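Try each task before reading its solution.

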Amino acid sequence: MTHRANIYRLSNPANQDKVGRRMRAFEVLVNLIGIVSVSVGTLHDLSGESRALAATITGVVAALFLIEYLIRLWVAPENPHFSASTSAQTRIAWAFSPTGIIDLLAVIPALAVASGEARLGADSASVFVLLWVSKLATRASGVALIARVFHNERSALGAAAALFAMVLFSSATVAHWLEAEAQPQFFGSIPSSLWWAVVTLTTTGYGDVVPQTPAGRMLGGLVMLCGICVLALLAGILATGFAEEVRRREFMRIWDLVAQVPFFSDVGAIAVADIVGQLHSRSFSAGTRIIHKGEAGDSMYFIVSGSVQVHLGERTKILRDGDFFGEMALLERKPRSADVVTLTQCTTLVLEVADFYRLAGQQPDLIAAIETEAKRRRALNAAPQLQ
Ligand code: CMP
């Protein structure tokens with residue numbers, strides 16, 4: 001792998017290895033430090049030294065962002081989303097993408113300092129709080145998730161927004177009829193009544209405009225109740241949308257992992273969907289004892305990547321990508337027959353005991369294949385002279 005490909009891999013948010021995660025955490029930390037230093041720089045009663053310190057930190061953060069921008073521009077040709085014919089074209093495509101534009105805007109303080117046109121840390125730099133928050137948003141996977149949920153639920157959210165608008169305009173109109181005479185300055189027209197309607201419907205209740213007629217107050221109570229219902233509806237739509245999106249993403253992630261285990265390669269797509277629903281992933285660092293001999297077995301493991309060592313008394317056995325272990329205790333309902341320790345960092349798919357028996361009913365062929373391998377292992381273990 002070239003240096004450029006390596007650096008791209010490390011900076012890619014999809015990369016979940018330790019170094020990549022640490023680099024992203026560092027980037028977020030620098031971003032947060034930058035936001036805090038710019039914010040602190042806007043305090044009026046700050047001493048001269050503190051202001052200078054805040055300005056220096058802001059400058060350092062901006063300089064780091066400049067370096068990061070140049071690196072990202074350099075590695076852009078490695079990004080599969082920008083498939084242009086030449087490296088220069090790919091870099092231009094990245095530079096004009098939303099991420100590229102935000103990253104460029106985020107380094108403007110550094111460019112300004114370099115050209116001697118601006119002093120950092122002053123009120124004028126406060127605009128960079130917004131830019132750096134946007135930069136942070138492009139890095140946070142949660143933001144993409146929220147955007148996806150809003151997109152998925154757009155029709156339900158649209159219906160709730162339409163309901164909100166209907167109640168808003170109806171209540172502003174009725175409030176105008178009921179209150180215009182008593183408080184013409186607040187309810188003299190429908191647009192001016194809208195302020196009261198928004199404040200009441202969202203249950204904010206500043207209390208700056210209050211209906212005075214008995215009918216107006218009754219309307220106020222009704223609008224508050226409607227507000228609670230509409231907000232509850234919105235919260236329900238978003239909560240369901242989130243749960244569904246998270247489940248869908250987890251399903252796709254497990255699906256990808258299952259595709260890497262040859263044991264499942266002969267199973268049809270429908271059966272794989274069954275299996276994916278029952279598995280979850282777990283990663284272990286090197287030297288972890290996943291299975292302790294003599295313990296009760298509550299799950300079995302499929303190795304997606306990495307290797308483990310099975311300790312069988314004097315002998316050991318190494319299992320690698322695509323192998324499985326922990327099946328014997330589930331099949332025989334006996335304690336674990338050996339210790340299993342990871343030799344390298346391992347990603348596994350875990351099948352819990354209850355799901356194992358459920359799967360046995362749904363996919364008998366699959367469990368039969370596991371049983372055959374367990375029988376072979378048992379015979380091997382019973383023959384002391386064999387390795
Ligand atoms: P279990 O008994 O649940 O826990 C220990 C696991 O080690 C066992 O299931 C098997 O999956 C695995 N194991 C035992 N013997 C062998 C062997 N000879 N070769 C490979 N794996 C084994």
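**Exercise 1. The main core**

Which residues have the most contacts inside the largest nonpolar core, and how many residues does this core have?

*Solution.* First, some ground rules: this is a predicted model, in which local features need pLDDT of at least 70 and side-chain atom pairs count only at pLDDT 80 or more, while totals for chains, interfaces and linings use all residues. Residues are numbered from 1 along each chain as its sequence is written, and side-chain values use heavy atoms, with hydrogens and water left out.

Step 1: recall the term. A nonpolar core is a set of buried Ala, Val, Leu, Ile, Met, Phe, Trp, Tyr and Cys residues joined through side-chain atoms within 4.5 Å. Buried means under 20% relative accessible area, exposed over 50%, and partly exposed in between (1.4 Å probe, protein chains only).

Step 2: list the residues. The largest nonpolar core has 23 residues, and those with the most contacts inside it are Val 258, Phe 264, Leu 279, Met 300, Phe 302 and Leu 349.

Step 3: find the contributors. Two or more residues each come from helix H12 (214-259), helix H13 (269-278), strand E3 (299-305), strand E8 (346-352), helix H15 (353-362) and helix H16 (364-382). Helices (H or I, at least four residues) and strands (E, at least two) are DSSP runs, numbered from the N terminus. The most is given by H13, with 4 residues.

Step 4: look around one member. Leaving aside residues up to four places away in sequence, Val 258 touches Phe 264, Val 272, Val 276, Leu 279 and Leu 349; contact means heavy atoms within 4.5 Å.

Step 5: look for another core. A second, separate core of 17 residues includes Phe 65, Tyr 69, Ala 95 and Leu 136.

**Exercise 2. The open sheet**

In what order do the 4 strands of the open sheet stand?

*Solution.* Step 1: the order is E1-E8-E3-E6, with antiparallel pairing. Two strands pair if DSSP finds at least two bridges between them.

Step 1: check the edges. Strand E1 (279-284) and strand E6 (324-325) each have a single partner strand, so one side of each has no neighbour in the sheet.

Step 2: inspect one pair. E3 and E8 run antiparallel and are joined by 6 bridges, with Ser 299 opposite Glu 352 in E8.

**Exercise 3. Asp 339**

Is Asp 339 buried or exposed?

*Solution.* Step 1: Asp 339 counts as buried because its relative accessibility is 19%. Asp 339 is found in strand E7 (residues 339-342).

Step 1: find its polar partner. The side chains of Asp 339 and Arg 289 make a polar contact at 2.9 Å. A polar contact is a pair of N or O atoms within 3.5 Å; within protein, one must be able to donate a hydrogen and the other to accept it, and residues adjacent in sequence count only if both atoms are side-chain atoms.

**Exercise 4. The ligand**

Which of the 17 residues around the ligand come nearest?

*Solution.* Step 1: Gly 326, Glu 327, Arg 336, Ser 337 and Asn 381 come nearest. A residue is near a molecule or strand if one of its heavy atoms lies within 4 Å of it.

Step 1: check the oxygen atoms. A polar side-chain atom of Arg 336 lies 2.7 Å from a ligand oxygen atom, and a polar side-chain atom of Ser 337 lies 2.7 Å from an oxygen atom of the ligand.

Step 2: An N or O atom in the side chain of Asn 381 is 2.8 Å from a nitrogen atom of the ligand.
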